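User: I would like to learn how to read a few features of a protein model, taking each general idea together with its case. Could we start with the charged side chains and go on from there?

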Amino acid sequence: MNRLLSRPPVGIRFADYVFSDPAPLARFSLPPHSVGLYVILMPDTSWGPWHLQPLFFGEFGPEREVQISQTQQTCCLKAAAGRSLYFALYAVPHQHRWAISEIQRELTVGYRPIANLESIDATAELVQRLDILEKKVIEQDAVLKLALATLGQTVQLQQPEPKKRIVGFQPGPAGLRASVTAAGKPH
């Protein structure tokens with residue numbers, strides 16, 4: 001058996017994504033001209049097999065700014081409580097660059113890192129609000145359609161039938177057939 005094929009991939013795995021080996025945050029640098037995700041980690045013996053807990057998942061790339069806010073950085077430092085922080089990188093293949101945000105969302109929802117929770121909770125609240133609004137719109141749409149249908153039936157029932165206009169020569173009533181002279185006397 002080939003030793004290279006039997007070896008597990010090198011790095012730290014989150015879901016189906018293998019990140020680089022964790023390195024101290026003091027040596028944090030993003031590779032130039034690459035696109036992908038990074039994770040900030042802290043030591044935690046309850047996590048395995050690396051004993052590192054993810055605190056934040058973020059995106060990087062040449063046209064993307066590093067998206068960790070000051071609040072999220074402070075959150076990571078407070079959670080670490082003086083322990084060293086680490087980072088790991090996942091370079092996204094060129095053909096999958098469009099999926100970076102999807103991968104980040106998947107990892108954030110799956111692992112619930114403490115510094116990303118604010119964005120998860122805000123997104124969940126926004127989704128919930130949108131669902132409520134959508135239900136209200138659907139209900140109001142149904143009520144409006146019912147009201148319009150009822151109104152249409154009511155209007156049809158209340159409209160008098162229009163008088164039919166008689167076309168063509170019509171004889172006058174039976175006793176008025178006598179011709180009238182220019183003087184207005186019958187002859």
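Analyst: Asp141 and Lys145 both lie in helix H4 (residues 117-158), 4 residues apart, about one turn of the helix; helices (H or I, at least four residues) and strands (E, at least two) are DSSP runs, numbered from the N terminus. The model is a predicted one, in which local features need pLDDT of at least 70 and side-chain atom pairs count only at pLDDT 80 or more, while totals for chains, interfaces and linings use all residues. Residues are numbered from 1 along each chain as its sequence is written, and side-chain values use heavy atoms, with hydrogens and water left out.

User: What do Asp141 and Lys145 form?

Analyst: Side chains of opposite charge can pair when their charged atoms come close. Asp141 and Lys145 form a salt bridge, with their closest N and O atoms 3.6 Å apart; the term requires a side-chain nitrogen of Lys or Arg within 4 Å of a carboxyl oxygen of Asp or Glu. Asp141 is partly exposed, at a relative accessible area of 36%, whereas Lys145 is exposed, at 55%; buried means under 20% relative accessible area, exposed over 50%, and partly exposed in between (1.4 Å probe, protein chains only).

User: How many salt bridges does a search of the whole structure find?

Analyst: The search finds 2. Besides the pair in H4, Arg105 and Glu102 meet through their side chains at 3.0 Å, N to O, and both belong to helix H3 (residues 100-111), where they are 3 residues apart. Arg105 counts as partly exposed because its relative accessibility is 45%, and Glu102 counts as partly exposed at 46%.

User: Which residues of H2 are buried, and which are exposed?

Analyst: An α-helix has 3.6 residues a turn, so residues three or four places apart point the same way. In helix H2 (residues 70-80), the buried residues are Gln72, Cys76 and Ala80. They cover an arc of only 75° around the axis, which puts them on the same side of H2; the arc is that of the directions from the helix axis to the C-beta atoms. On the other side of H2, Gln70, Thr71, Leu77 and Lys78 are exposed. The cover over the buried residues of H2 includes strand E4 (36-43) and strand E5 (52-60).

User: In what order do the strands of the open sheet run?

Analyst: Strands of a sheet pair through backbone hydrogen bonds, either parallel or antiparallel. Here the 4 strands have the order E3-E6-E4-E5, with antiparallel pairing, where two strands pair if DSSP finds at least two bridges between them. The edge strands are strand E3 (23-24) and E5, each of which pairs on one side only. H2 packs on this sheet, touching E4 and E5, and its direction makes about 165° with that of E5; H3 also packs on the sheet, touching E4, E5 and E6, at about 160° to the direction of E5. Contact means heavy atoms within 4.5 Å, and axes are lines fitted to C-alpha atoms, for helices over the stretch in contact, with angles running from 0 to 180 degrees between N-to-C directions.

User: Which residues have the most contacts inside the largest nonpolar core?

Analyst: In soluble globular proteins, nonpolar side chains tend to be buried together. The largest nonpolar core has 17 residues, and those with the most contacts inside it are Phe14, Phe19 and Leu107; such a core is a set of buried Ala, Val, Leu, Ile, Met, Phe, Trp, Tyr and Cys residues joined through side-chain atoms within 4.5 Å. A second, separate core of 14 residues includes Tyr38, Met42, Cys76 and Leu89.
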